[in-house]
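Please look through the sequence and the model shown here before reading on.

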Amino acid sequence: MGNYVCSQCRGPAVFRMRHHRLAFCQPHYLEWFIEQTARVIEKYHMFAPTDRILVAVSGGKDSLALWDVLWRLGYQADGLYINLGISSQEGDYSNESQRYAKDFAGQNGLRLHVVDILQQYGESIPQFASRSQRGRIKPCGVCGLVKRHVMNRVARDEGYDVLTTAHNLDDEAAVLMSNTMAWQVDLLQRQYPVLPAEDGFVRKAKPFCRFYERETAAYSLLRGIEYEEEECPFSVGSKQLVYKDMLNKMEETTPGIKMNFYAGFLNARSAGYFSPQNKADNEQSRELHRCPTCGQPTASDGACAFCRLVKAA
Ligand code: Q46
Ligand code: ZN
Ligand code: ZN
């Protein structure tokens with residue numbers, strides 16, 4: 001870490017953040033990171049100390065870091081691991097990720113819900129994807145649909161007040177860029193650190209949305225959290241990664257540009273730039289019904305997309 005000193009104690013620093021003009025030793029970085037998370041939770045009114053929180057856990061560095069920070073802050077936070085049934089050349093990606101999530105829960109005395117997609121619905125994500133509409137839907141499309149359905153179902157069935165995910169600034173900036181390039185205004189309207197519960201959907205919050213990925217990675221590393229290092233094999237070549245690479249290149253020459261892009265969007269959104277002009281029209285276009293099969297909200301007239309997928313496979 002060169003000659004940098006900790007901004008707090010002036011001891012040798014182990015991690016430096018150029019855009020914040022801060023560097024920290026290990027204990028002060030862990031402290032700073034937890035404080036910053038608490039600030040974001042408060043700033044966006046994500047949840048209260050008495051709320052029951054469900055943390056979507058993938059077994060990777062970000063989600064285990066989020067779970068770690070939430071329980072250290074004293075929140076009642078349980079985990080949810082969804083086993084997608086994905087394998088890679090390197091090994092059994094989903095089962096190994098599940099082991100990391102289980103070990104973390106066991107070591108810290110935390111409760112983990114596990115939903116195994118293959119066991120519960122008879123097909124893994126790759127199987128669903130190859131059979132759905134004769135393979136026209138890519139695994140990530142199917143996976144997103146299944147995860148959203150399962151997360152909402154578990155959160156509601158088990159009485160949680162809020163579902164948290166570990167999306168970081170790199171994730172949010174990449175999604176923002178993707179939505180902006182296509183001017184998907186409806187998606188821009190719904191991109192925010194917290195979304196209220198409505199129409200059968202549980203409240204959702206992203207407490208890490210203002211942390212760079214390298215900051216969440218540094219937290220896991222310096223805290224000694226053991227996590228699945230392998231990436232999902234289907235993430236290779238995704239549009240998300242292309243946007244992430246572009247943003248990383250821009251960040252190299254202009255430190256802080258990612259944060260400015262995202263924070264500037266949030267300010268514009270708060271100022272009403274992405275609000276629907278005609279609220280009644282917007283509400284009508286999003287009119288939701290209950291799926292007759294699973295009871296979850298859906299914009300379709302009949303069964304929801306998840307139930308149609310499961311039935312078709
Ligand atoms: S897990 Fe699922 Fe991701 Fe794998 S199949 Fe795609 S969406 S890449 S977050
Ligand atoms: Zn220090
Ligand atoms: Zn349904």
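A walk through the model

Trp183 is found in the loop that runs between helix H7 (169–181) and helix H8 (185–189), where helices (H or I, at least four residues) and strands (E, at least two) are DSSP runs numbered from the N terminus. This is a predicted model, in which local features need pLDDT of at least 70 and side-chain atom pairs count only at pLDDT 80 or more, while totals for chains, interfaces and linings use all residues. Residues are numbered from 1 along each chain as its sequence is written, chains are lettered from A and ligands numbered from 1 in the order in which they are written, and side-chain values use heavy atoms, with hydrogens and water left out.

Although Trp183 is not a glycine, its phi is positive, at about 45°. Trp183 counts as exposed because its relative accessibility is 56%; buried means under 20% relative accessible area, exposed over 50%, and partly exposed in between, with a 1.4 Å probe and protein chains only. His45, which is not a glycine either, has a positive phi of about 50°, and its place is the loop between helix H1 (26–43) and strand S3 (52–56). With a relative accessible area of 67%, His45 is exposed.

Helix H2 covers residues 61–72, and its 12 residues reach 16 Å from the first C-alpha to the last, close to the 16 Å expected at 1.5 Å a residue, the expected span being 1.5 Å times one less than the number of residues. Because 10 of the 12 residues of H2 are buried, this helix is largely enclosed by the rest of the structure; among the buried residues are Leu64, Trp67 and Leu70. After H2 comes Gly74, with a positive phi near 90°.

Which residues coordinate the zinc ion (ligand 2)? They are Cys6 (SG), Cys9 (SG), Cys25 (SG) and His28 (ND1), at 2.1 to 2.3 Å, where donors are N, O and S atoms within 2.8 Å of the metal (3.2 Å for Na, K and Ca), and since water is not among the atoms, sites may look incomplete. The angles among the 4 donor atoms are 98 to 115°, and the site of ligand 2 is tetrahedral, a label given to four donors if all angles lie between 85 and 135 degrees. Along the chain, the donors of ligand 2 follow the spacing C-x2-C-x15-C-x2-H. Cys6 is buried, at 0% relative accessibility, whereas Cys9 is partly exposed, at 39%.

Cys294 lies in the loop between strand S9 (289–290) and strand S10 (297–298) and Cys304 in the loop between S10 and helix H13 (305–312), so the pair ties together parts that are 10 residues apart in sequence. Cys294 is partly exposed, at 32% relative accessibility, while Cys304 is buried, with a relative accessible area of 5%.

Finally, the surroundings of ligand 1 consist of Leu84, Ile86, Cys140, Cys143, Lys147, Cys232, Phe234 and Ser235, a residue being near a molecule if one of its heavy atoms lies within 4 Å of it.

Note on methods:
Tetrahedral: all angles 85-135°; square planar, octahedral: opposite > 155°, others 65-115°.
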